[in-house]
Amino acid sequence: MKSAPGIASLALAMLALSAAASGGGSAVSVRRVDCSLPALVARARSGSGSAAYRHYLAAQLRELAATWPEQELIDLFDAESDPELVELLGAALAGASDRELDASGLHAVANRAEEDPDPALRAAAVRALRRTTALENTQDLYTCLVQDPSPEVRQEAATNLVEDNRLIYSGHDGPAADAAVAAAVATDDPEIAAQIVAGISTEAVSAPSASGLVGLLGSGEPRLRAAAAGALGGVPASERDAARAALLELFDRDTDLEVREAIVEAVVRLDFAGARPLLARLRVADPRLAGEIDAWTAALALGLQEWSLIVREKQRLTAKQ
Amino acid sequence: MGTNTRWYGAIALGALIAVAAATGICTAGAARDREDRTTAVTRPAARFGAASPRATDEEAGTPACWAGVEELEAPGLSLAHFRDVVAPLLASGDPLVRAYLEERLTELVGADQGRALELLGWVKDAADEPLVALALAALEQSEAVQAPDVAAALLALGQDDAISSDRRALVIAALETQHRLSPAAAGDLAALAVDPGSGDAGWMAARTLGRVMHEDFQRTGTVAPYLDRLVDIGQNAAAPNVRVAALEMPMVAEVLLDRRSARRQAAILTADPDPLVRELAAHNLSLAADKDRVLSVYARAFDAESDLCVRWALFRFAARAVGARALPVMARMAERDRRFGDLYQQFADIYASGVVDFERVWLSLPSDDPFACLAREEEDS
Amino acid sequence: MKSTYVLWAATAASILVLSVDADAHYVRAPLNGKVTATKYYSSGAFHGAVDIAGGTCGSTGVNTAMEGTLWWSVTIRTTYKVCYGNGDWHHNEVKHTFSSGWAFRQYHFNKSGYSYSRSCDRCTIGTLGGTGLATGPHAHLQYDKYGTKNTTWWWVSKGQYVYTTQRIGYTP
């Protein structure tokens with residue numbers, strides 16, 4: 001049951017709004033007041049306000065959560081049943097954990113993400129964990145979340161894995177990438193698996209994870225096979241030979257164009273200019289790939305030594321055509 | 001720069017999946033059987049590990065709350081009314097409310113050129129510096145700033161000597177989100193940057209040129225008109241900080257240098273008296289199109305260079321320029337300067353292991369600052 | 001010298017920009033104190049970073065400076081308390097490595113129980129110190145790409161007093 005909004009807060013807000021709606025009139029004095037968690041929650045619950053205001057409320061909750069008694073916030077969070085408020089309060093709790101090195105609040109949110117009977121609330125709790133330390137403080141949580149019966153929960157979990165890898169770890173963290181691959185392997189949802197492996201950097205994955213990616217090449221879904229192929233292009237140098245062999249073996253038996261294009265890209269990424277002889281062979285093997293291979297060849301001819309720049313220039317060359 | 005070794009939850013991939021299948025480790029869905037939501041959530045501490053010590057309140061910082069701020073959410077709010085309300089909020093220094101005010105004011109301006117020009121009126125007339133800064137920050141992020149009349153008005157104001165250099169700098173900065181600059185506008189900014197009397201406005205003009213170059217480059221691939229001007233500033237500006245800012249900007253946009261641009265950077269590399277400027281030129285040259293030429297430029301420059309940190313720049317950016325093909329040149333550099341012997345071996349070993357991407361080569365080095373060029377400190381006051 | 005408001009407004013990007021730019025982060029002061037150096041030292045020599053001094057050496061906490069949860073890699077080269085420098089190669093360092101060679105790093109703090117690598121948002125990673133090449137206890141904040149310093153990210157000026165609640169720059 002939703003908690004009743006603060007009547008005093010709403011009345012104050014309405015008075016202020018009606019005075020301001022005249023577009024001018026006497027100056028209103030804003031004044032500093034004690035921060036009240038229930039008042040902030042009431043304002044958030046009202047649903048009113050511009051995007052800027054809602055961002056402000058979310059930021060205030062996150063910042064203030066670090067200074068409030070944690071149990072008070074956890075109790076509010078546990079009792080909340082509006083998905084938007086679950087997400088806001090959950091993000092505040094998780095954010096407070098990240099500020100204070102204490103994972104208790106984070107655990108409360110993680111528990112709800114896993115156990116709330118309502119899938120909308122589970123999904124909200126998962127969103128609340130985005131860009132927090134959840135990935136390294138909740139062990140196998142994400143492996144479970146990608147197996148959730150609710151597609152919405154699975155989607156939010158996949159988004160968390162991709163964004164956390166990219167934005168917290170900048171793609172450089174082995175355990176974070178391994179956790180993402182583990183989730184992709186564990187899920188029965190090929191779309192989710194494809195999103196995860198396509199969205200993460202595999203530069204620091206472990207050998208078992210690289211093997212897991214090779215395993216995904218056997219998926220019945222072409223989109224997942226393509227995503228796994230692309231991911232194999234980014235594995236560490238120690239996994240390069242095995243990755244290349246698996247990609248070429250897949251090329252021999254898989255005639256799906258999207259998959260083959262992904263294999264071409266992966267081959268380029270593994271060897272840069274060294275891939276040119278192989279590219280020439282693949283071009284002969286499948287003339288459908290001519291345009292794509294020519295674009296990669298042209299990009300490689302620039303002699304760039306960073307994948308991000310090679311991709312950028314390849315896209316620029318392709319867009320010009 | 002070693003690998004991460006923590007994570008008590010890191011489990012081998014195969015074992016994880018096997019354990020999950022065998023023991024039903026995922027409890028997702030089990031709670032659906034419970035009817036009472038208030039007891040549905042459990043917190044088995046052992047599952048998620050022990051807590052760490054908490055930081056102090058001083059370390060956490062102290063955000064604020066404000067009664068009356070909802071005034072700014074009124075429909076049909078005029079900019080004049082907005083201005084009436086915000087002064088104490090700005091004076092407080094509260095970063096969260098400041099961010100809200102900027103975003104809200106950006107919303108209020110939107111694509112409305114009239115409102116954008118009204119904000120510019122504040123900039124001309126207001127004595128309140130925080131208000132001026134807020135107005136320009138909001139303008140910079142608005143859709144209206146892309147309108148030619150608004151951009152032209154900003155540029156004109158930025159060159160108005162009747163306004164302080166500080167305020168002109170803020171005005172110039174509001175142009176940084178422009179999708180492109182006309183040749184005339186770019187020329188005006190470049191002239192401002194090299195003007196010895198321009199102060200902060202000149203520095204900002206150099207940075208703005210660079211940031212719009214980045215914008216235009218990302219959208220259209222256009223870079224040459226800006227790059228030329230930035231190099232002009234890098235060579236001709238009187239103030240050292242302006243020259244450095246101008247030469248830093250290609251690094252941010254990662255522009256590829258054509259032959260002409262590369263020649264100009266090479267001239268800076270070999271002739272500028274400031275080692276920092278030479279280091280920037282070495283960095284920028286690593287994306288020159290003519291790889292063979294830039295490699296020989298690096299080799300010659302290394303021989304002639306006396307500054308260790310510039311030599312380190314030449315050494316590492318040779319690898320960024322051409323990859324493993326640079327190793328013979330790097331070997332000769334190491335013969336010339338024995339301090340680079342171990343470094344050469346590190347690069348050679350990394351390339352031999354199969355790494356091809358320079359970003360990964362960089363991350364694989366045992367140290368990204370082998371000569372403490374980044375950690376140099378001289379004084380504190 | 002750049003005035004506070006010049007750089008504060010000029011460099012600040014709104015939430016709208018930050019929300020789409022993965023590497024963009026606001027930078028906060030890692031401790032309460034005074035800015036003692038920015039692009040150049042008083043001598044005119046190049047510094048290319050922000051130095052902040054304040055509090056008590058060995059006890060005032062130093063936070064990671066960037067807003068938002070990031071993985072921070074801590075390197076301890078000096079395990080004992082140092083306030084006035086202990087020579088080249090002895091600075092303690094915390095760093096986040098972005099993509100494409102960008103890195104944000106902080107130097108000189110003293111080791112404490114908080115000095116270990118982890119993900120966090122503005123957490124304490126040590127105490128105010130002067131480890132390494134330093135003439136006094138301070139926090140050094142720097143943003144660089146493949147080892148080349150970038151000097152266009154901050155908006156504070158030498159002599160300005162800053163607080164941990166205050167944004168002092170952003171990395172685009």
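What percentage of the 321 residues of chain A count as buried? Please go on from there to describe how this chain is arranged.

Reply: The model is predicted. In it, 56% of the 321 residues of chain A count as buried. The mean pLDDT of chain A is 90, and 91% of its residues reach 70 or more. The stretch formed by residues 1-26 of chain A has a pLDDT below 50, although the model gives this stretch 38 contacts beyond near neighbours in sequence.

In secondary structure, chain A has 19 helices and one strand. The C-alpha trace of this chain extends over about 75 × 45 × 30 Å along its principal axes. Its radius of gyration is 25 Å, whereas a compact globule of 321 residues would have a value near 20 Å.

The domain assignment divides chain A into domain 1, covering 37-134, and domain 2, covering 139-267. The centres of these two domains, taken over C-alpha atoms, are separated by 30 Å. Twelve residues from domain 1 of chain A and 15 residues from domain 2 of chain A take part in the contact. On the side of domain 1 that touches domain 2, the elements giving two or more residues are helix 6 (104-115) and helix 7 (119-128) of chain A. Helix 7 gives the most to this side, with five residues. By class, this side of domain 1 has seven nonpolar residues, five charged residues and no polar ones.

Leaving aside neighbours within four places in sequence, Ala318(B) is in contact with Leu295(B), Tyr298(B), Ala326(B), Val329(B) and Met330(B).

Finally, chain A also meets chain C: 19 residues of chain A are in contact with 15 residues of chain C. On the chain C side, strand 5 (70-75) and strand 8 (118-120) each supply at least two residues. By class, that side of chain C has seven nonpolar, six polar and two charged residues.

Methods. Residues numbered from 1 in each chain as written. Chains lettered and ligands numbered in written order. Predicted model: local features only at pLDDT ≥ 70, side-chain atom pairs only at ≥ 80, totals over all residues. Contact = placed C-beta atoms within 7 Å. Helix = DSSP H or I, 4+ residues; strand = E, 2+ residues; numbered from the N terminus. Nonpolar A, V, L, I, M, F, W, Y, C, P; charged D, E, K, R; others polar. Domains from an automatic or database assignment. pLDDT = per-residue confidence, 0-100. Rg over C-alpha atoms; globule rule 2.2 N^0.38 Å. Buried ≥ 20, exposed ≤ 12 C-beta atoms within 10 Å, placed from the backbone.
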